[in-house]
Amino acid sequence: MGREQMSTEWGKRLPELAKRLEDILYRTFPNKNDYYNMMKGPIEPQLEFAIKTLVDQHQQYQQNLQLPTQTPSSSSSNQDAHLDGLSKLFVASLRLQFASTHAEERD
């Protein structure tokens, strides 16, 4: 039951997350040739970069919302562990979504 709810939640959030990560990659590789060459190689390093950028943007946004007397509570090692977990989860989600999409096309 809990796993199904998690999958449903990720199913709803995944398209927006993918769009935001793709936007980061489009800004990093602004012309069609650079983007195409990037996609020919392994995607994991590019996704890790995009996820780290997204996490950094979110943390900056959260810091801007905090009162000036407050300090961020997470350490860089916690951020690295979170990023690694998020990266693996996102890549696994993409692979699962890709597999299910292609399974539906074959049926």
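1. How many of the residues of the chain count as buried? Of its 107 residues, 19% do, where buried denotes under 20% relative accessible area, exposed over 50% and partly exposed the range in between (1.4 Å probe, protein chains only).

2. The model is predicted: local features need pLDDT of at least 70, side-chain atom pairs count only at pLDDT 80 or more, and totals for chains, interfaces and linings use all residues. Residues are numbered from 1 along each chain as its sequence is written, and side-chain values use heavy atoms, with hydrogens and water left out.

3. The chain holds four helices and zero strands, in the order α-α-α-α from the N terminus. These elements are DSSP runs numbered from the N terminus (helices: H or I, at least four residues; strands: E, at least two).

4. The largest nonpolar core has 13 residues, of which Leu21 and Leu25 touch the most other members. At least two residues of this core come from each of α1 (2-28), α2 (32-40) and α3 (43-65), and α1 gives the largest share, six residues. Such a core is a set of buried Ala, Val, Leu, Ile, Met, Phe, Trp, Tyr and Cys residues joined through side-chain atoms within 4.5 Å.

5. Lys52 belongs to helix α3. Lys52 counts as partly exposed because its relative accessibility is 40%. Between Lys52 and Leu21 the C-alpha to C-alpha distance is 9.8 Å, with 31 residues separating them in sequence.

6. For contacts (heavy atoms within 4.5 Å) between residues at least 6 apart in sequence, 68% join residues at least 24 apart.
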